[in-house]
Amino acid sequence: MEKYPARQIESKWQAFWEKEGIFDADDKSQKPKFYMLEMYPYPSGDLHVGHMSNYILGDVLAHYKRMCGYEVLHPFGWDAFGLPAENAAIQRGIPPQEWTLSNIATSKNSVKMMGLAYDWGREITTCLPDYFKWTQWLFLKLFKDDLAYRADAAVNWCTGCLTVLANEQVDSQGLCHRCGSPVHKRMLNQWFFRITAYAQRLLEGIDKLKGWIPEVLTMQRNWIGRSEGANIIFDVEGFDFTLPVFTTRADTLFGVTFITLAPEHPLVARLIADSPKRKDVETYIAQAMKKTEIERTSTVREKDGVFTGRYALNPLSGERLPIWVGDYVLVHYGSGVVMGVPAHDQRDFEFSKKYGLPIKVVIHPKDAKLDEEKMECAYQDYGIMVNSGSFDGLTSEEGMAKVAEELTGQRKGKSAVTYKLRDWLISRQRYWGCPIPVIHCDSCGLVPIPEEELPLLLPPEDSVDFTPKGVSVLASNEEWMSTTCPSCGGKARRDPDTMDTYVCSSWYFLRYCDPKNEGAIFDRDLVKRWMPVDQYIGGKEHATSHMLYSRFFVKFLKDQGLLDFDEPFVNYFSQGMIHRAVKGPDGKESIEVMSKSKGNAVPIGPFVEEWGSDTARILSLFAGPPDVDKVWSDEGVVGANRFLNRVWRIVLDNEKCADHKSAHILDMKKMEQDELALYRRLQRTIKKVTEDLDAIHFNTAISAIMELVNDMYTTEDRSSPTFSACLRLLPILLAPFAPHISEELWHRLGGEESILTHPWPEFDPGAIVEETFTLVVQIDGKVRDRVEARRGISQKEAEELVMNLPKVQNHLKGREVAKFILVPDKLANIVTRK
């Protein structure tokens, strides 16, 4: 028998599928819809087989749902703006657009070689004007509703990329998530999206996301970070401004002994303007700004700060409170000002001990009293209020409400809710991004570009030095920057920043529904037809960035009357990464993440030419559960290919046995024992593969198919209708996982339409039920024995079987049987006369 000619067959069927439009979604179909989507890639270079794991998972589900009778939308596109593509282009001295579009062409060829079932008629590329025109349109809508604004802020500055990063783009070590360089704070005037206006709705919406992995829901819930408490206003001695503080423990207000501001807080400059401590504070701030947020908030690092020489006043007690600057306070959490309560907060306790600040107990445990002089750590639990004036004797819970009520009456504060979530910083000081459609006019201020003038294009690449210099790249192009104000007609300047690429990816799933629309962002009816996405697949590293931003955009668009839903993704699944087994010079094997930078990536083209796409698919799917990391090894490649060749041989060696007519005539009652066993195996396989496809347990589904193939090889009678059914159904069951070989075998067996449009098989429930069961034997309601019995056993047969059991006979000695009760296929109970 010939070896499976993978490349020849795969090219043949890929051409067939494209010609027939098998994967093209029909907007007008009456079938139920299924929108399958994987996160689209950055085209910073060619894709390798490690990248494919994400897309293969979605491809399996797209095939399966199509065979189950759904009209499947399965599109693809390119996240083409942004730092990855620009950095790669700079390293090679090639203009970003040329480099990006070249990579897209190369990567698209690789994706097509894999035979992935995409509707290429819906392809989008975010760096092209037909797409980013609508990204700019969205910006203008947000700007009109005061959800896009410009403000001075202490921002995350990547020392490698020389641009601003959103909080979500700084990893847990305080490093840039793209280039790994340290991230410092810098004060800049930047563009933000007011995502905090949607904080509560984003939090409440999490409860609707039943099909998301729990880990990601927890990450989003913690990132939004809702806290209930009180806003308290502290007056500042000698100044006309106040310091607002948010606290969850208003019951400790009388225990405040100092106030601390974040180093980058805008009021610090006013506090120290004429202070003798000014130089000390400025030196401290300069050092603090070099530290990462991780360093500043580390629980193991000793907290430090500097006194400003200024004082605040406690709004209820009137006590003078020294004002400090401390880098453990973050400007973007709460108000960037905290009240120090050393007796009841461990961080404040340590700070006070270090700098000799007072410690004042205002909460006693319910069964004890605290002594400031003897305390070795802060008492942070609830208790009974003391040293708090008229509030003494109240429980902490009562006190929090009463203090907030008193503050409200004196207009010194009120109950409040705050969120850890900060507004989304979208400005980037780089060339390769979506231009911001706003004009800066000295007379009119910030003026939006008229919608009819969109898209605002980037200046030609040959007119810009897009090498990052730490300032906005576009600002160096005077011709592009200079313009006229659309409001007054006077001289004006364009905005020099570009948008973060996450802005483009926060709505791309909507554009797939209507990608060629030139007159609107999308047709509402088409979006209603396809959205929301039924299954989304992608890395959970995007949990608090892309996944959260997308939810924000959808809620905003619903408020604009453009959508009828407020959550973009019904189900979300995160795939594991592909690792590579590599042998070192000493012959020892190590496991590394597959990466071009590590030199262990497997290019798609050469691999597919040698082994075929289906081999790559089977290895990727069978190597382990889809949600865990998997190892790509040479042994695994050989094993996956060997399995496909076994399928190839068992079908073609017995091609003449595949009688389609006899395959439909399957009567269990007429089957011999061996044929019945094979029939049961076939039906169990159909059931198992179906259930595993629904649960995204693809590795165990393939394992079940392998077991069926093993049984087919050991079957002696290959002329039976059951073996014929196995030959016919094997390619169907394998089709979602290995579509090329399945399509070829299907047609060789006489199939006419594409196997990928053939209905998915249903299993025979009667064949799944085992022939025997364990009959529980009771005497007067007490279990005395168990025995294997045939399902459907009659009353007479059961009584004969049970009464001959030695244990039953022993228990019945000297007793008379009054009644024999049989519960079919469960238990028998012998009732004796008393």
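The following legends describe an overview and several close-up views of a predicted model.

**View 1. Overall dimensions and content of the chain.** The predicted chain has 834 residues, of which 55% count as buried. Its secondary structure comprises 28 helices and 34 strands. Along the principal axes, the C-alpha atoms fill a box of roughly 100 × 85 × 60 Å.

**View 2. Helix H5 and the residue that follows.** Helix H5 spans residues 129-144. From its first C-alpha to its last, H5 reaches 22 Å, close to the 22 Å expected for its 16 residues at 1.5 Å a residue. The helix is mostly covered, with 12 of the 16 residues buried. Among these buried residues are Trp134, Gln136, Trp137 and Phe143. Just after H5, Asp146 takes a positive phi of about 60°. Asp146 lies in the loop between H5 and strand E5 (148-158), and it counts as partly exposed because its relative accessibility is 46%.

View 3. Met499 belongs to strand E25 (residues 498-499). Because its relative accessibility is 3%, Met499 counts as buried. Between Met499 and Gln136 there are 9.3 Å in space, C-alpha to C-alpha, although the two are 363 residues apart in sequence. Gln136 is one of the buried residues of H5.

**View 4. Helix H20.** Helix H20 is formed by residues 634-652 and has 19 residues. The distance from its first C-alpha to its last is 27 Å, close to the 27 Å expected at 1.5 Å a residue. The buried residues of H20 include Gly636, Ala640, Phe643, Trp648 and Leu652.

View 5. The bond from Leu454 to Pro455 is cis, with omega near 5°. Pro455 is placed in the loop between strand E22 (445-448) and helix H13 (478-481). The bond from Met531 to Pro532 is also cis, with omega near 0°. Pro532 occupies the loop between helix H16 (524-530) and strand E26 (535-537).

**View 6. Arg411, a residue with positive phi.** Arg411 is not a glycine, yet its phi is positive, at about 55°. The residue is located in the loop between helix H12 (396-409) and strand E17 (413-419). With a relative accessibility of 76%, Arg411 counts as exposed.

View 7. Asp674 counts as exposed because its relative accessibility is 66%.

Methods: Residues numbered from 1 in each chain as written. Predicted model: local features only at pLDDT ≥ 70, side-chain atom pairs only at ≥ 80, totals over all residues. Heavy atoms only, no water. Buried < 20%, exposed > 50% of the residue type's maximum accessible area, 1.4 Å probe, protein only. Helix = DSSP H or I, 4+ residues; strand = E, 2+ residues; numbered from the N terminus. Expected span 1.5 Å × (residues − 1).
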